[in-house]
Amino acid sequence: MSGFVQELQQRAHEDPIAIDQWLRTRKLPHVDGRNVTFVFHGAADSVHLRHWIFGLPTSQAFTRIPGSFLWHMSMQLPENSRMEYKLEIVRGHAQQLIHDPLNVVQGHDPFGGNSVVFGAGYQVPAWTQHDAETREGHIEEHSIHSEAFGGTRHYSLYFPARYRTMRRYPLLVVHDGLDYVRFSALKTVLDNMIHRLEIPSMLVALTQSPDRLREYADDPRQGEFLVRELVPHLEASYPLLGIPSARGLMGASFGAVGSLSAAWRFPGFFGNLMLQSGSFVFTDIGSHDRGPVFDNVVRFVNEFRDNPGRPAERVFMSCGQYESLIYYNRSMFPLLQSTGMHVRFSESRDGHNWENWRDRLREGLSCLFPGPLWFVYE
Amino acid sequence: MKPSSKANRTAAFQRRVILLGPQRLFPTLIQAVSALEAEGLPAGRIAAVTAGWEEREGEDQELSAHLGGRTINLRIWERGEDAYGRDKELHTAVRERNEKLRVLQELYQLRLAHLLSAADAILARGLPPGLQSIYQEECESAIEAVRALDREHLIRIREQHTLFEERWKPFERESVTRHRDELGKLLADCSLVCIAGGHVSILLRRLRLFGFPQLLQQQPLIAWSAGAMVAAERVVLFHDDPPQGAGSAEVYEAGLAIAKGVIPLPHADKRLELGDRRRVALFARRFAPDLCAVLPPKTRTDCIDGVWSAQSGTRFLNAAGDLRELEVRP
């Protein structure tokens, strides 16, 4: 039993207000090397830790200290991990999933976010945070009529600081771009990396699909829209380099599938692909068990594996080790390498979430678009 | 030994050189100019080189305002564009030379990675009791191998420049001489020359295209960031924690050799792991006897009669792995 749990047991029978006050002075969950202890203080019939680490039971029960409302649960979490979780509180027939009230650290996503615990050694990268010295770019909102989709598509365009029309820029197109801005601090990361010369000044088109599970799952309209409509429009309107090596396409989860699909359908158009936690589910035999939303994905990935071609020149892939998708991504890595593309694959101790994707942006973007860091001293 | 004496150099003419820390957030240029004028420099026009800013070369309003509107921008980058536009043959030849230099650099980097790795591994072993002399000799030998490669690389770079100049004679071509003539006249009217930072390679090659050092009279030079780097004898690129690659400092080019005996390290506080004693020691020993001057914002180091001195607070990398202050000029 850890010293921290012993201390919990000693305090369990103190006045509840005193316990709350003491808990507020502690950084919780308590991390001691690889050992992490979660704490809950309150009335309940049972308390469970709910998380999305593939390979561990998704629900783990807390232990109540007898005669008290103090609950605890300990588990092993490797160094440099980042784990998102919620607490499941059961009272009678009612079950409630809540953020950990004793943990102020939260990760955010379109569904509301989770509490987050950092394993020993993990630090939020400084380059994801606002830097007062950084010159800031700006984002403009635009729209374009799409023949492929038969309607208006909205997109946003990131302009770097010190944008000049007499210079020509690379272009990066980002699936779920506004989500990347909201949940992965993409604008801050771009500002910082451009300011620090780790990537070149570039324009970044932030697309957002109204029906991403369908359109990103190898929907031929998505590639048509990007390659025949959006990028040509941008290259006609802005000072872009307009060559494959200066074009990039990225996305996470289904957005990575949409990126690979578009590049596969129009090989060589995008020189650079960034595929984060790609939902590259495939089957060697039989059917998959991921539900109908994955039908087109599995069909596409199976076809791709049979005939990958050479979609781009450079690919950066990343995936969390705590995602079930890690095995599919590990399988895709040698396949992509076999096409002759330059491929890098980065694993992290994290799950399928926006902050995992945020934390890999520096490595991925600087790999695909190396900046003039080595040469510029301002 | 005092650091300034290590860098002492004898020469027929020793230009007054001042190297400053980066100027964007904490401009100190005007103080340096005022100090020179207090020492007797005539308060004349100031020639400004902002070619490292490339197409933004002309956006020097802040610099000009900071110096009270006394600057004349020499527009070196723009002149380079003009020269290449008029003289396609020269432009092609420059590109071919640059490609040769790029390949040379790549091959040098391959060799350098192994030599630096060996030197670092030996330094990491430390000095077991009773075996110090063996380890010290091996350390010195490993670092000398790096120095030898750096020297050899610099010789090859200089050979490429010599071959280029002998074959293409840029200073005899009308596309270049027209600008050299103009630059000579502009510089003759200036009491001081300033070189700003930016893209170190573009800045250096544009200045070299016009034979900039030969056009200077005896004016003092103030330079910062990439400007300080190109003024040195060797241009050393550095960053200990780039997002890609090992972050091994490399000799990139022969500099203009206006500032001798110094390796300027602008933004070293951000680009180098100054708390890592082994890295600092290796860097300092590799480039000795040159002073590796740490130049964060607000710092200043002066070269008077070939001796480097500094305002309080300016530091240099020391062979022991720490940072030492330069001698303060009385």
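## Two domains of chain A, plus a look at chain B

Chain B comes out with an average pLDDT of 92, and 94% of its residues score at least 70. Keep in mind that this is a predicted model. Over in chain A, the domain assignment gives domain 1 (3-122) and domain 2 (127-368), and the contact between them takes 17 residues from domain 1 and 15 residues from domain 2.

**How the chain A domains sit together**

- Taken over C-alpha atoms, the centres of domain 1 and domain 2 of chain A are 35 Å apart.
- About 1200 Å² is buried between domain 1 and domain 2 of chain A, with carbon and sulfur atoms giving 50% of that area.

**Polar and charged links across the interface**

- There are 2 salt bridges between domain 1 and domain 2 of chain A.
- R82(A) pairs up with D350(A) in a salt bridge, and their closest N and O atoms are 3.1 Å apart.

**What domain 1 brings to the contact**

- On the side of domain 1 of chain A that touches domain 2, the elements giving two or more residues are β7 (82-91) and β9 (106-107).
- By class, that side of domain 1 has 7 nonpolar, 5 polar and 5 charged residues.

**Where to be careful in chain B**

- Residues 1-11 of chain B stay under 50 in pLDDT, and the model has 24 contacts beyond four places in sequence for them.
- Where pLDDT is low, the predicted coordinates should not be read in detail.

Conventions:
Residues are numbered from 1 along each chain as its sequence is written. Chains are lettered from A and ligands numbered from 1 in the order in which they are written. This is a predicted model: local features need pLDDT of at least 70, side-chain atom pairs count only at pLDDT 80 or more; totals for chains, interfaces and linings use all residues. Side-chain values use heavy atoms; hydrogens and water are left out. Domain bounds come from an automatic or database domain assignment. Contact means heavy atoms within 4.5 Å. Buried area is the accessible area (1.4 Å probe) that two parts lose on being put together, summed over both. A salt bridge is a side-chain nitrogen of Lys or Arg within 4 Å of a carboxyl oxygen of Asp or Glu. Helices (H or I, at least four residues) and strands (E, at least two) are DSSP runs, numbered from the N terminus. Ala, Val, Leu, Ile, Met, Phe, Trp, Tyr, Cys and Pro count as nonpolar, Asp, Glu, Lys and Arg as charged, and the others, Gly among them, as polar. pLDDT is the predictor's confidence in each residue, from 0 to 100.
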